[in-house]
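User: I'd like to learn how to read a structure like this one. Can you walk me through it feature by feature?

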Amino acid sequence: MDEVSDKTADLRRAVYALLLVVACASITGRILTLDSARTPRQQSTPFQSANDRSRWSTIVALVDHGTFELDDVIFDEQGRRRSAWYSIDLVKHRGADGREHYYSSKPTLLTVLLAGEYWVVKLVLGLSLAENPLYVGRVMLILTNVLAFGVYLLVLAQLVERYGRTDWGRIFVMTCAAFGTFITTFSVTLNNHTLAAVTALLAIQQALYLWDKPRGQWWRYVVCGLFAALTAANELPALALLGVALAWKSPLKTLLGFAPPALLVAAAALGTNYWAHGTWKTPYAHRHDGPVIATLDANEELLAALNQGQLPPAIRDALSAKPNSAPSATTQVEPRTPNKRWVLWDEAQQLRLAVVASPEARQLQIRAWDNWYDYEGTYWNDEHKTGVDRGEPSRWVYALHCLVGHHGIFSLTPIWLFTLCGLWFAWREPERGLRPLAVLVAVLTLVVLAFYIVQRPEVDRNYGGVSAGL
């Protein structure tokens, strides 16, 4: 720290405090004006999108109904959609009672934690989220996002003081953090990104200290492991390399300090998913037809019957020979794509199967049901998707818009252009102690971009959906 900065340390901290108060007050003010109602008949809520409605409805189902099943929350007594609560971010599958139900497609750990928060708020205020969503929802958004953002700025101020060189540079970074990123944009919705940004910074704060002093206190390894795992639970490709880096410095302390809380969070994420869905696989992994049950030759007569909604005797006989697959007299055939795919639905047995034709339509495969996104009225069938949800065919176009186009990291948040310079300076000046962080940021950035731009199929190249940014 230079001499001028030493003399102005108190002034800098006063500026940090002012930035924190103004930023948090701004977000709070925006939250207090949220109202999704478009007409007097609609229920007023602070919900902003299908994404957060999916989480809000699960929170109500968990606390008020004791289940992850959303049927009673998103539909009224007549089976009509409740527009204030219904979301396209749903899946449908058989529950523990053997019948099909609707569930949120979102990861479960964060939702369970937020349900715990709602339980406390409901106990203290005596208000339910279902009956008073506007007020209870606003309270929860302030408790969740505004407080977390305040912690984020406090921790960042400590790092800025430690690694900054000039007053101008430190205050510039804090100002950009307070007002110049998409953390503030997302802070008016119930989302995973805001909390992930906070836990990522908390993990990095401890990791930087431990990198300089690998024989540091055990509790720092525990805290680092906890927050790194929470980040990964909220942002799947997150801090995977952090544990590897610390293990290279201090294998024993990483194994005994970092690993246990990380494994605990991983167990909680998997455990809550199993609690909700009865499987270890997340809903995102249930987007395709299941294993083949039977195969038979196709012909024009058989295909015509399926397209007309009739169950051909050949398919009925093939299924009758398989255990737990015999169709009843009321089994319905629902054509999905002519001459390509059909759904067999037996309401009495709550049995759903898929019939899929080979590319040449010479064979038919009868498959177990595992496409949770394919249900009556689903948005996720190709014929229903619109806009960016249909996917970007060209990877080059997708890369362009992800970086500098309409959903561009650098076009929407140009402050990150300075990060490229910062990485270079951090690499050139290893005595500052930031070279490991520069490597971590660069590698993770390249890995994440490669994953979403190169590895993902066309349907997933959707710029993060109808969103503020990728």
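User: Let's start with a helix pair: in which hand of crossing does α10 pass α12?

Analyst: A crossing is left-handed if the near helix is turned anticlockwise from the far one by less than a right angle, and right-handed if clockwise. Here α10 passes α12 in a right-handed crossing. Before we go on, this is a predicted model, where local features need pLDDT of at least 70, side-chain atom pairs count only at pLDDT 80 or more, and totals for chains, interfaces and linings use all residues. Residues are numbered from 1 along each chain as its sequence is written, and side-chain values use heavy atoms, with hydrogens and water left out.

User: What do the axes of α10 and α12 do, and at what angle do they cross?

Analyst: Axes are lines fitted to C-alpha atoms, for helices over the stretch in contact, and angles run from 0 to 180 degrees between N-to-C directions. The helices themselves are DSSP runs (H or I, at least four residues; strands are E, at least two), numbered from the N terminus. For α10 (residues 218-234) and α12 (residues 251-277), the axes come within 7 Å and cross at roughly 35°.

User: Which residues of α10 and α12 meet?

Analyst: Contact means heavy atoms within 4.5 Å. On the α10 side, the residues include W218, Y221, V222 and L226; on the α12 side, F258, P261 and V265 are among them. By class, this contact has 15 nonpolar, three polar and one charged residues. In that scheme Ala, Val, Leu, Ile, Met, Phe, Trp, Tyr, Cys and Pro count as nonpolar, Asp, Glu, Lys and Arg as charged, and the others, Gly among them, as polar.

User: How far apart are the end C-alpha atoms of α12, and what span should its residues give?

Analyst: The expected span is 1.5 Å times one less than the number of residues. With 27 residues, α12 should span 39 Å, and its end C-alpha atoms are 36 Å apart, which agrees.

User: Where does α12 bend?

Analyst: A bend at a residue is the angle between axes fitted to the seven residues ending there and the seven starting there. In α12 the bend is about 40° at A259, and a proline, P260, follows within four residues. After the helix comes G278, whose phi is positive, near 70°.

User: Which residues of α12 are buried?

Analyst: Buried means under 20% relative accessible area, exposed over 50%, and partly exposed in between (1.4 Å probe, protein chains only). In α12 the buried ones include K253, F258, A259 and H277. For α2, the buried list includes R12, Y16, L19 and I27. Over the protein chain, buried residues make up 46% of the 470 residues.

User: Where is Q350, and why does it count as buried?

Analyst: Q350 is in the loop between β5 (341-346) and β6 (351-357). It counts as buried because its relative accessibility is 6%. Look at its backbone as well: Q350 has a positive phi of about 55° although it is not a glycine.

User: What is G391 in contact with, leaving aside its neighbours within four places in sequence?

Analyst: Setting those neighbours aside, G391 is in contact with E458, V459 and R461. G391 lies in the loop between β7 (363-368) and α15 (395-403), and counts as buried at 17% relative accessibility. Its C-alpha is 6.0 Å from that of D460, although the two are 69 residues apart in sequence.

User: And G164: is it buried or partly exposed?

Analyst: G164 is partly exposed, because its relative accessible area is 22%. You'll find G164 in the loop between α6 (133-163) and α7 (167-179). Apart from neighbours within four places in sequence, G164 is in contact with L159, R170 and R432.

User: Zooming out, how many helices and strands are in the protein chain?

Analyst: There are 18 helices and seven strands. The C-alpha atoms fill a box of roughly 90 × 50 × 45 Å, taken along the principal axes.
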